[in-house]
Amino acid sequence: MTSATPVDQKLTKRTRALFDALQRHTGEFAMFGHQGDTSSHHSTDADSDTLAVTGSYPAVWGADLGRIELGWDENIDQVPFADIRNDARRAYRMGAIVTFSWHSVNPITEGGYGDNLAPGSVSAVLPEGELHGKYLTWLDRLADFLLSVRDDDGTPIPLIFRPFHEHTGDWFWWCPGSFVRPTDTTPEQFAELWRMTVEYLRDERDVHHVLYAYSPDRSRIDMTDDTTLESGYLRGYLGNGYVDVLGLDDYWDIDQPLDGPDAADPAERHDKFVRILTLIGRLGMERGKLAAVTEVGSPREFAAAFGDDPNAPWTTFMLSAAKANEYTRRALWYLPWCNFDGAEHTGAYGTPTVDSPYAEDFRRFVRDDFMRMADTLPDMYA
């Protein structure tokens, strides 16, 4: 087991306190998180579907910084950056944790949320690339925003930053892809991009209130055996000195067709979900890193088929996996995506609404003794 050392040795006092608290509580509980909890909701009686159903806000609040690089006033989801900053303050005041992802545009084409690959995109922004200066301008705008996220007393709010997520896929400009479906970006180039980004934010711009989260996509990881699983997860790994959180984005195991030519077996998927959670927990323990499910699909019919209750996918599938063994219990949070309009019938629908058949089970999930919401979270900043 490697001792826990943060990427940034100059962390602010409160950020170091968060890092230590997360290490201290690893294995004790997991937190429920939600992307865009108050910026995207269906309830008209509350500013959060999570609050409307469970009586509490999430313990982890997520938002995206896509388009900050272009100097826009609002992000990729049309949420003003001023609102994102205010939500971060609000979450922090209630003791919750703030995490930011970054869906940046392609540096060559300046296009796309996803499916924004273009040949040479990563090499173009590396130190010898023709767009290196442009990328540094992006990082300056990003740093300016991160440094502006402060409490009323001017103290920087601790943040978990998750850049370049799902890099094992083949849909974002930074992706090296998988062993089966590689892109023109090499794993070494991806690692160089990551290290360059961290070093610029930390060493050049003095951003010292950030923990860095690594989050491969599950769908492209070969789970034939433990060797292919681990090598797939670590493809493009930055090195222990550049990551605080070993994360995972997994929609693949949570929502699959139950019939037809592409039908999947819920029990098999549950087993694979447990296996990959076990991996991130074990690697976290061995390397002195935190572990988390940085994005997760929303369990519905497919997940419910794993158990005996058609209205209990959250507890029978996800909660049972979270508590499956000593390593899965090390995953510190689970974060579904936004409650966007039109997503209710997909595996990325976010959280159940009050009239959902899964609402009661969702309440059981977040109120289980192992789970924490904002109102049941201990002080993470002391």
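Modeller: A disulfide is counted where two cysteine sulfur atoms lie within 2.5 Å. In general terms, such a link is a covalent bond between the sulfur atoms of two cysteines. The model here is a predicted one. By the distance rule, the count of disulfides comes to zero.

The reason lies in the distance: the closest cysteine sulfur to that of Cys-175 belongs to Cys-338 and is 19 Å away, which is too far for a bond. Seen from the other end, Cys-338 is in no disulfide either, and its nearest cysteine sulfur is that of Cys-175, at 19 Å. Cys-175 is buried, with a relative accessible area of 0%. Cys-338 is buried as well, at a relative accessible area of 3%.

Now the wider picture. UniProt, in an unreviewed entry, lists residues 13-375 as "domain: GH26". Over residues 13-375 the chain is 34% helix and 12% strand.

The largest nonpolar core has 121 residues. Leu-65 and Phe-100 are the residues with the most contacts inside this core. Leaving aside residues up to four places away in sequence, Leu-65 touches Phe-100 itself, and its other contacts include Phe-81, Ile-84, Leu-142, Phe-145 and Leu-146. Trp-102 and Phe-161 are also among the residues that Leu-65 touches.

A search of the whole structure finds 29 aromatic pairs. One of them joins Trp-102 and Phe-161, with 6.3 Å from centre to centre and 35° between the planes, a tilted arrangement. Trp-102 lies in strand 3 (residues 97-102) and Phe-161 in strand 4 (residues 159-163), so the pair ties together parts that are 59 residues apart in sequence. Trp-102 is buried, with a relative accessible area of 0%. Phe-161 also counts as buried, at 1% relative accessibility.

Aromatic rings also take part in another kind of arrangement, in which an arginine lies over the face of a ring. Arg-67 lies over the face of Trp-72, at 5.7 Å from the ring centre. Arg-235 lies over the face of Phe-179, at 4.9 Å from the ring centre.

To return to the part you asked about: Cys-175 and Cys-338 have their sulfurs 19 Å apart, and the structure has zero disulfides by the rule used.

Definitions and conventions: Residues are numbered from 1 along each chain as its sequence is written. This is a predicted model: local features need pLDDT of at least 70, side-chain atom pairs count only at pLDDT 80 or more; totals for chains, interfaces and linings use all residues. Side-chain values use heavy atoms; hydrogens and water are left out. UniProt positions are given in the numbering used here, feature names are shortened, and annotations may be inferred rather than shown by experiment. Helices (H or I, at least four residues) and strands (E, at least two) are DSSP runs, numbered from the N terminus. A nonpolar core is a set of buried Ala, Val, Leu, Ile, Met, Phe, Trp, Tyr and Cys residues joined through side-chain atoms within 4.5 Å. Buried means under 20% relative accessible area, exposed over 50%, partly exposed in between (1.4 Å probe, protein chains only). Contact means heavy atoms within 4.5 Å. Rings of Phe, Tyr and Trp (its six-membered ring) pair if their centres lie within 6.5 Å; planes under 30 degrees apart count as stacked, over 60 as edge-to-face and the rest as tilted. A charge sits over a ring if NZ of Lys or CZ of Arg is within 6 Å of the ring centre and within 35 degrees of the ring normal.
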